[in-house]
Amino acid sequence: MSPSASVHSAIEPAETPLTPESWGKLGMWIFLAGDAVGFGVLLASYGGMRATSADWPNPYDVLGINLTAAMTFLLICSSVTMVKALEWLGGGDRTKCRMFLFFTALGGAIFVCCQAYEWSKLIHEGLHINGNPWGASLFGTSFFLITGFHGLHVTGGVIYLVSIIRYVTNRPSPAASYNAVEITGLYWHFVDLVWIMVFTFMYLI
Amino acid sequence: MAGAEHKHPNYMAIFWYLAILTAIEIAVIYAPLPKVTIVVLLCGLALGKAALVAMYFMHLRFETRTLGLVAITPLMIATLLVFLLLPDGLAVAKRTVGVKAAVSAPAKH
């Protein structure tokens, strides 16, 4: 690569009118829109299967909501710590930003552990991916597919957060990592937003 | 424009709104209301919570309107998909009414 090209490769060629801060932010929004279509299709299909099934179990009776209500609260708390991390970084305090990013990652890790506990408990009670004692076998299939897909997103988010803590540490100034932290926040809040929908449609209704 | 910052709304207020809406959701499922009312209320509360997260935590309120359209497109596609599935679902539901009645009724020998 020529010296001129190597210099300009580090500079974004033009601003996007949608997200003037960075192209990365627009990229994350487009990725999230695509991912949201994936979750939308899963939840719409779940609704279709449930509406047409003769013996769909009542999710509230089988799954219980005490643990998942606590998990929902945990994800909401982790979203708050995420925005607080961004706020502190905007104020120039990298140490507090890293601390709140760590709390966010910790919240996500606890969420995944709770989900693993919930899955093992339900499997022990007889809920399997190909059948269950309460009714339609697709109940277990859709439950494990949708909550598992979301759980993978949370796991990916925790890894993303840990790597961004390292990124914030290594950048020369707090302002240099602001966009990266904001983009990470978009992903994390999306995971929270999807769980709000999953909790409502798969546990409460 | 690297490092450009957004306005920061009162995040703790949003947190309390979300916590209160979650508590209301749980209260709704215990309320002595018809199933249809409960479903409509829960859908409304979930959309309200999702809107709060998107508007304030994801800062969509401070972004351009076009980006808002990008964000809301998946919701429109999912809603469209529900309506696409609806005719097929209703037809199958009509055929399975008898099966549902047989499942819920005690077996007579």
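**Notebook: chains A and B of a predicted complex**

I read chain A along its sequence and found the pattern α-α-α-α-α-α-α, that is, seven helices and zero strands. Helices (H or I, at least four residues) and strands (E, at least two) are DSSP runs numbered from the N terminus.

I note that this is a predicted model, in which local features need pLDDT of at least 70, side-chain atom pairs count only at pLDDT 80 or more, and totals for chains, interfaces and linings use all residues. Residues are numbered from 1 along each chain as its sequence is written, while chains are lettered from A and ligands numbered from 1 in the order in which they are written.

**Confidence.** I recorded an ipTM of 0.85 and a pTM of 0.86 for the complex. Chain B averages a pLDDT (the predictor's confidence in each residue, from 0 to 100) of 82, and 79% of its residues score at least 70.

**Chain A.** Of the 205 residues, 41% are buried (20 or more other C-beta atoms within 10 Å of a residue's own; exposed means 12 or fewer, partly exposed in between; C-beta atoms are placed from the backbone).

Contact requires C-beta atoms, placed from the backbone, to lie within 7 Å.

**Interface.** I counted 42 residues of chain B in contact with 46 residues of chain A. On the chain B side, α3(B) supplies the largest share, 14 residues. By class, that side has 30 nonpolar, eight polar and four charged residues (nonpolar: Ala, Val, Leu, Ile, Met, Phe, Trp, Tyr, Cys and Pro; charged: Asp, Glu, Lys and Arg; polar: the others, Gly among them).

**Helix α1(B).** I found B:F15, B:L18, B:T22 and B:E25 buried in α1(B). They cover an arc of only 80° around the axis, which puts them on the same side of α1(B); the arc is that of the directions from the helix axis to the C-beta atoms. On the other side, the exposed residues include B:M12, B:I20 and B:Y30. The cover over the buried residues includes α4 (66-90) and α7 (178-204) of chain A together with α2 of chain B.

How values were computed
Two residues are in contact if their C-beta atoms, placed from the backbone, lie within 7 Å.
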